[in-house]
Amino acid sequence: MVSLRVYILTRVLLTIPMVFILLSLVFFVMRILPGDPVIAIVGMKASPEHIERLRHELGLDKPLWRQYIDYIAMIMRGDLGRSMIWGKRPVSTEIWDRFPATLELTICAFTVSVLIGLVTGVFASTKPGTKADVGLRLFSIVAYSLFIPLLGMLLQFTLGVKLKLLPVAGRKSPLVQIDRITGLYLLDSLLTLNLVGFVDALRYLLLPSITLGVVLSGVYTRLVRSSMLEVLREDFIRALRARGIPEGQILLRHALKNAFIPVLTMMGLQFSLLLAGAILTETTFSWPGMGTFLLERIEYRDYTTVQGTIVFYALLVAMVSLIVDIIYAYIDPRIRY
Amino acid sequence: MPPLLDVRGLRVYYMLGDEAVKAVDGVSLKVEKGEVLGLVGESGSGKSTLGLAIVRLVPHPGRILEGSVLFKGRDLLKLPEQELSKVRGGEIGMVFQDPLTSLDPLMRVGEQLVETIMAHSQLTKEEAKEKAVKYLELVGISAERFYDYPHQFSGGMRQRAMIAMAISTSPSLLIADEPTTALDVIVQSQIMELFQSLREKLGLSVILITHDISVAMEVADKIAVMYAGHLVECAPSETLYDSPLHPYTQGLLKAVPNIELKDMKLVYIPGTPPDLANPPPGCRFHPRCPRAMDVCRREEPPEVEVGETTVKCHLYR
């Protein structure tokens, strides 16, 4: 296990140059884009003196290289700085406000998509070429190509408006109080034994999770199916059958585990992608997550917030991919670091 | 007493589009209790398909069209899937050609053995583990390798582990399909010795499928020779060696090098085996047969009993 620790340490160290390069890129690209936060806030009609004063306050009148060095120095101190617009709140607070909503939606939608994908994929792989298989493949293509707002609105209309089963927008009812610990409502309400809050948060989570989960599941259905079919052709599966191992056990304990590596790769990529916020889903369900937040801040040229968020993402993505690599080694004993 | 295994008129075709590859075409054979049958033939002669068909594991698009496989008086071809899976690995053990790919790479070897034992008994996990260790030791793998993964085993060890799995459920019949082909010569002879000793210890019947007639000669009591989906000759090993009847068997034996006969010339059989989708009419060997007659081109030869030998050839009618 020593080698695993060395591996993890190496990977962690390697994220530093990665973050640095990414940060530099974002820093300059943001400044190449036309407009700046001052113009975005006060508009073109403000007096030149006013604009100049605001620029000075934000340090935007300094030479570019100076701004860059100042910013890097700040980051090295572990400070993401303050937002350049409105309340000028610390970037870390802004992220802390928004990120839990995204994380909660990500985990739920991700679980929905993986569950649908695994069940349909394994099922289809046991009956290749049958009507059920063709049907599931068709479902997976349709699901994958569905436009999220369309599916979202269909569900909102049927389950929300017509049947009045589920709320259609937001994270919880305005009247329900959930004490904030992690910002994940489901977890917080459980930790505070707030059953009303839990049920409420769950009801609000269902529609966006299902919408996003169904759309993402198509990929897994196809991937699980093809990966399973490949494994099921292998010699050791025949050998298992020849040893009279029950078919269900062969499928789940042996074939699925062997077929899981490519699926895990996809899961890691998709989880990272989801953490960046599902803008379409968030917009459809007025979900206060990172996707809409980042988009808005890019529009306002809120340099520090965008830069800080990107750093935060870079670290998250690095962490997720490291975890995926560790799981690889856990699943497959032939993989050693 | 009826034989342990009695295969009658078995036909297995692979359906490829509108073509049918006649891999096993009307084969009958018997295996007695405690007997080692060597099933010999070249690649594509249908010997592996025959082995798989006995436990109904013929891969897609193969289909068992006709025949019966009587095992201890029950027809395996008519058994419901659930009961058959108790026979597979339980009463009939199988060992395959490639030990490198025949174990689940993600599961510890010992656990795979435990899984097999538990699938065929009411033992608890601890009892099954005890038994697993015992069987690993029986095939010459020490107990401390129990927790190894397949990739930590050598080819020979993996094949030993496969054999341990096949015999751990105390089967009465072991079907070994080219069990030593993927292994080097020294390991090959070790595995063959293992088979011999297991057979003596456990009183096991074995069907040894091999393309190497000399390997079969070493261990088998009886040898069945397959050619192009037909069983062409079946006889006790010594009889077959001393007086092979079928021209194909004669050709096979002439192609085996013999260390005692210094000036012996190796003779190969000219031509190639036929396309089993469109096999030649009459005797399938006639295009390559040095003694082919007119009738061979027209009529499929009957099975003729000559002494202890059963031969499918017009010469002995």
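**Note on the two-chain model**

1. Leaving out residues up to four places away in sequence, B:Leu276 touches B:Val21, B:Lys22, B:Ala23, B:Ala228 and B:Gly229. This is a predicted model. B:Leu276 sits in the loop between α9 (247-254) and α10 (294-298) of chain B. Is B:Leu276 buried or exposed? It counts as buried, because 21 C-beta neighbours lie inside 10 Å and the cut-off for buried is 20 or more. B:Glu126 is 150 residues from B:Leu276 in sequence. In space, C-alpha to C-alpha, B:Leu276 and B:Glu126 are 50 Å apart.

2. Next, chain B as a whole. Chain B holds ten helices and twelve strands. Its radius of gyration is 20 Å. A compact globule of 317 residues would have a value near 20 Å, so chain B agrees with that expectation. Along the principal axes, the C-alpha atoms of chain B fill a box of roughly 65 × 50 × 40 Å. Of the 317 residues in chain B, 45% are buried. Take the contacts in chain B with a separation of 6 or more: 63% of them come from residues 24 or more positions apart.

3. Now a sheet in chain B. Four strands make up an open sheet, ordered β2-β1-β4-β5, with antiparallel pairing. Which strands stand at the edges? They are β2 (19-31) and β5 (74-75) of chain B. Each has a single partner strand, so one side of each lacks a neighbour in the sheet. In general, strands of a sheet pair through backbone hydrogen bonds, either parallel or antiparallel.

4. Inside that sheet, look at β1 and β4. Strand β1 (residues 5-16) of chain B is joined to strand β4 (residues 62-71) of chain B by eight bridges. These two strands run antiparallel. One pair to check on screen: B:Val7 has B:Val69, in β4(B), as its bridge partner.

5. The peptide bond between B:His60 and B:Pro61 is cis, with omega about 0 degrees. B:Pro61 is in the loop between α1 (47-54) and β4 of chain B. Most peptide bonds are trans, and most residues other than glycine have a negative phi.

6. Two residues have a positive phi without being glycine. B:Ser170 has phi of about 50 degrees. B:Ser170 lies in the loop between α5 (155-167) and β7 (173-177) of chain B. With 14 C-beta neighbours inside 10 Å, B:Ser170 counts as partly exposed. For A:Leu193, phi is near 55 degrees. A:Leu193 is in the loop between α8 (185-191) and α9 (195-232) of chain A. A:Leu193 is exposed, because 8 other C-beta atoms lie within 10 Å and the cut-off for exposed is 12 or fewer.

7. On to helix packing in chain A. Packed helices are described by the angle between their axes and the distance between the axes. Helix α5 (residues 91-126) of chain A packs on helix α6 (residues 131-145) of chain A at about 145 degrees, with the axes 8 Å apart. The crossing of α5(A) and α6(A) is left-handed. From α5(A) come A:Thr120, A:Phe123 and A:Ala124; they meet A:Ala132, A:Asp133, A:Leu136 and A:Arg137 in α6(A). By class, the residues of this contact are four nonpolar, one polar and two charged.

8. Helix α5(A) also packs on helix α11 (residues 247-275) of chain A, at an angle of about 145 degrees with the axes 11 Å apart. The crossing of α5(A) and α11(A) is right-handed. On the α5(A) side, the contact residues include A:Thr102, A:Leu103, A:Phe110 and A:Val122. On the α11(A) side, they include A:Leu251, A:Met267 and A:Phe271. How do the residues of this contact divide? Eleven are nonpolar, three are polar and none are charged.

9. Last, the interface between the chains. Here 23 residues of chain B are in contact with 18 residues of chain A. Which elements of chain B give two or more residues to its side? They are α2 (81-87) and α3 (109-119) of chain B. The largest share, three residues, comes from α3(B). The chain B side that touches chain A has ten nonpolar, eight polar and five charged residues.

Note on methods. Residues numbered from 1 in each chain as written. Chains lettered and ligands numbered in written order. Predicted model: local features only at pLDDT ≥ 70, side-chain atom pairs only at ≥ 80, totals over all residues. Pairing = 2+ DSSP bridges. Axes fitted to C-alpha atoms, helices over the stretch in contact; angles between N-to-C directions. Left-handed = near helix turned anticlockwise from the far one by under 90°. Contact = placed C-beta atoms within 7 Å. Nonpolar A, V, L, I, M, F, W, Y, C, P; charged D, E, K, R; others polar. Rg over C-alpha atoms; globule rule 2.2 N^0.38 Å.
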